[in-house]
Amino acid sequence: MEILCTRPECSHPKNYFSDLDDPMTLKTVQQKYCTSCGMPLILAGRYLPSKLLGKGGFGAAFLAKDRYTPTMRLCVVKQFQPEGNLSDQALAIAQNLFEREAVTLEDLGSKHPQIPQLYAFFPLVVSNGLTKQEEQFFYLVQELIDGEDLERELHKNGVFSEAQVMEVMTEILGVLQFIHDHNCIHRDIKPSNIMRDKQGRLYLLDFGAVKQVTAGASNQQKRSTGIFSMGFAPPEQMQGSTVYPATDLYALATTCLNLLTGKPPEELYDSYHNSWNWKPNVPKISDKLAAVLDRLLLPIPNERYSSATDVLEALQSSPSSPSSPINTTPNTAIQTPSPIPVVSPPSPPSTVAKRSFSSINLILSSGFTGFEGVLLIIALKGLISTPGIILGCMAIGGLIYAQYRRIIEGKDFLVIGVITALLLMFIPVLRGSLSFPEILIIAVIAGAGLIAVTSLFRLIYQLISRIL
């Protein structure tokens, strides 16, 4: 078995121990040490790092196995070890942020299904063989979200449709409302901190910047530390001022702009006129979503929506419903130390996940593919006989690909299906020996059959995923 050394300056971090391939030895061995630097390898006596997932200013994140679980459960081990010569004040704040993430995950991760759970948090004091001095490391072990973050999904699949962005907003707003209800503010919402697992569920990651709200603090304590991602943070956060739940909502809006356009938020902001200019970069978007995003992007916090619930209500209201009035009551503020620039811990990347589709989307897509596929095969067969069947099957493949890429979706299904049916109705040569009613019956049966097959396979997949 291969174990990775977690000492940052280790020259040969990969270690292989053949005796650990024996399950009994693996469960009972007390410790293993790096053959290069002597660093203990089995963290807290149970976690075996196997792969480096990412590095940042605070340390590194590793994929690891928990040897004291029956299935050798995979997890993420984050190591706190800041780079560079930080002042004592900066180091203390950085360590506080890392410990805060552990506290937040322990408190919230067990209460909400879309926040990773904390498994362990522990220090490790070791001697450095070169400097002969003791080194102190801190480790945080959390649930592995097996999927792909939205930043990678955007890079891989291209810009999101309005329907996809609405899905992201709806799910993350629910998580944010939960966080805010527990007197916390995330302060670092961005695509790389939103992970989609293989079942399509979205998770909010990286709680190193979270700060709990505490009443009665001094004015100095009410200011925000310099924890933010450039372009995604609102003015009050970048200025080191008081931050609110509306601060997270602003960052969620900039995240949505990034997903809709594929461009970083700073490219969508007109600094000359001091205003957002994102709409020319989005070819098609509803007035309702545009109005919600515009309000979330207002520079003054109390002019935005005051809560995630308010945003959800605005998104779910009918187009004719008036917008809720601007709330002039200040949002609950966050209390933090004076500003100092630090970098958040790395959010661990994970295995690749395919772009997800909801159950309703799958049913509509399956029904459309079966119905339209039959119409295309009959029409092409009527024109060119046997080769038409082959071309029809190829056309079905094209339909599936177009739906996967979100080129056609929603209302497009109805429009394309009606047009194809009308062509068969008014051009007899396309129907061959079949009457139009017979063709419709066959197409409907094909659509219903494909829906049934798809639903069955989805059910089987979900059952197997839960077992594994």
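User: What makes L150, E153, L154 and N157 the buried residues of helix α3?

Analyst: In this predicted model, those four of α3 (residues 150–157) count as buried, that is, under 20% relative accessible area with a 1.4 Å probe, protein chains only. They sit on the same side of α3 because they cover an arc of only 100 degrees around the axis, taken from the directions from the helix axis to the C-beta atoms.

User: Why are β8 and β11 called edges?

Analyst: The open sheet runs β8-β10-β11, with antiparallel pairing. β8 (147–149) and β11 (202–204) each have a single partner strand, so one side of each lacks a neighbour in the sheet.

User: What makes β10 and β11 a pair?

Analyst: They share three bridges in the antiparallel sense, and DSSP has to find at least two, so they pair. M195, for one, has Y203 of β11 as its bridge partner.

User: Which strands does α3 touch in packing on the sheet?

Analyst: β8, β10 and β11, where contact means heavy atoms within 4.5 Å.

User: How is all this counted?

Analyst: Residues are numbered from 1 along each chain as its sequence is written, and side-chain values use heavy atoms, leaving out hydrogens and water. Local features need pLDDT of at least 70 and side-chain atom pairs 80 or more, while totals for chains, interfaces and linings use all residues.

Key. Buried < 20%, exposed > 50% of the residue type's maximum accessible area, 1.4 Å probe, protein only. Helix = DSSP H or I, 4+ residues; strand = E, 2+ residues; numbered from the N terminus. Axes fitted to C-alpha atoms, helices over the stretch in contact; angles between N-to-C directions.
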